[in-house]
Every structure is written in structure tokens, then in C-alpha cells.
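Subject: Structure handover

Hi,

Here is the structure for you to take over. Please load it first, then read my notes below.

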Amino acid sequence: MSKYPCRRCEEVVCNFKGIVCTTCRDADAFAKAEKIDEPNWTGPVCVPNGDEDGYFNDVDALRERYEDEGWPLPPWVFVCTEEKIEIDADRILENAAELFECVEQPTFVAVDELREFVKAWNAKQTFATLNEDRTRVVVLTASVPA
Ligand SMILES: [Zn+2]
């Protein structure tokens, strides 16, 4: 694939002509975002332009990783929202109906019990995925040189 210069900074290469590079896009997002000082945010964060390794449960985890790796700390990070894994009782029923290739909708019994069970099951799940919230950023406190 050809590489093209960023429309804004003209330095970083992009995969398509006439677009703005990730660095410039992140800078725009930062300019518009609500800024939160590090001590006021305890939730998950992700580094701008990061890959899947750039997501952390909190700033402390990020600091620890960057310190371990000897990487320079980014001046700010995006806030992340947590999305918990959840299954849908009605989708389960739809899938069951599809499995039997029903001509007409089958009559399920104890549907409310299934919904109640799934609701309780969902509430017990701890697995969550983190989504970047580009409208809020956490400004990291510069580390004081020892
Ligand atoms: Zn750029």
C-alpha cells in the first residue's frame, strides 16, 4: 500500500491520500476534550495512538508498565469506559428457534425464568472490555525528578 503525507503536519505517512494522521487526530481530540487532572481520575485509561497493549485499568497500572519498560510517560491519556460482557436472553431464544428452522415461532415456556436467570448471570460477570472515550482526557502529573 502506498504511503501519503498527513494533510496537516505533512510528516507522518498515512495509508490514504489527503487524510490527517493519527497523531494530528489525537491532538485535535485533546484540544476539544474535557481535561481531568490525574488525581481526579481513578478509572481505566488508554494511551493515544496505542494498540491493544495501550489499555490500562488505571493510571497506576500505566505508570508501572511504562516504568518497567523504560518508556517516557505520555503527557496525557484518553479516559476509557468499561463495557461489561452481557448475553441477551431474547437472542438465545431467537437462536434456538433458528436451529430448528421453524416455520412459525415456537412456543417457549419459562421465558421469564430464563430472562431472570440471564439477568442474574450477567450481573455476576467480571469480564469487561475497555472503550476509548475521545471526549475526556486525563492530564498526567509530571513525575518529579529524584
Ligand atoms: Zn499529522
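The chain falls into three parts: domain 1 (1–32), domain 2 (35–81 + 130–146) and domain 3 (86–124). Keep in mind that this is a predicted model. The centres of domain 1 and domain 3, taken over C-alpha atoms, are 46 Å apart.

Confidence
Mean pLDDT for the chain is 90. Residues reaching 70 or more make up 95% of the chain. Strand β3 (residues 34–37) has the highest confidence, at a mean of 97. Strand β2 (residues 13–14) has the lowest, at 80.

Overall layout
There are four helices and seven strands. In sequence order they run β-β-α-β-β-β-α-β-α-α-β. The C-alpha trace spans about 65 × 45 × 30 Å along its principal axes. Buried residues account for 13% of the 146. Take the contacts between residues at least 6 apart in sequence: 63% of them join residues at least 24 apart.

The sheet
Five strands make an open sheet, ordered β3-β7-β6-β4-β5, with mixed pairing. β3 and β5 (55–56) are the edge strands, and each pairs on one side only.

Going through the pairs:
- β3 and β7 are parallel, with four bridges. Glu34 sits opposite Arg136 in β7.
- β6 and β7 are antiparallel, with nine bridges. Val77 sits opposite Val138 in β7.
- β4 (residues 45–46) and β6 (residues 76–84) are antiparallel, with two bridges. Cys46 sits opposite Phe78 in β6.

The core
Which residues have the most contacts inside the largest nonpolar core? They are Val45, Cys46, Val77, Phe78, Val79, Cys80 and Val138, in a core of 14 residues. At least two core residues come from each of β4, β5, α2 (59–69), β6 and β7 (128–139). β6 gives the most, with four residues.

Val138 deserves a look in your viewer. Setting aside neighbours within four places in sequence, Val138 is in contact with Ile36, Glu38, Trp41, Val45, Val59, Trp76, Val77 and Val79.

Is helix α3 (residues 89–99) largely buried or in the open? It lies largely in the open, because zero of its eleven residues are buried. Just after α3, Glu101 has a positive phi of about 45°.

Thr107 belongs to the loop between α3 and α4 (111–124). Thr107 has 6 C-beta neighbours inside 10 Å, so this residue counts as exposed; the cut-off for exposed is 12 or fewer. Thr107 and Ala97 are ten residues apart along the chain, and their C-alpha atoms are separated by 9.4 Å.

That is what I have. Over to you.

Best wishes

Technical notes:
Residues numbered from 1 in each chain as written. Predicted model: local features only at pLDDT ≥ 70, side-chain atom pairs only at ≥ 80, totals over all residues. Domains from an automatic or database assignment. Buried ≥ 20, exposed ≤ 12 C-beta atoms within 10 Å, placed from the backbone. pLDDT = per-residue confidence, 0-100. Pairing = 2+ DSSP bridges. Core = buried A, V, L, I, M, F, W, Y, C linked by C-beta atoms within 7 Å. Contact = placed C-beta atoms within 7 Å.
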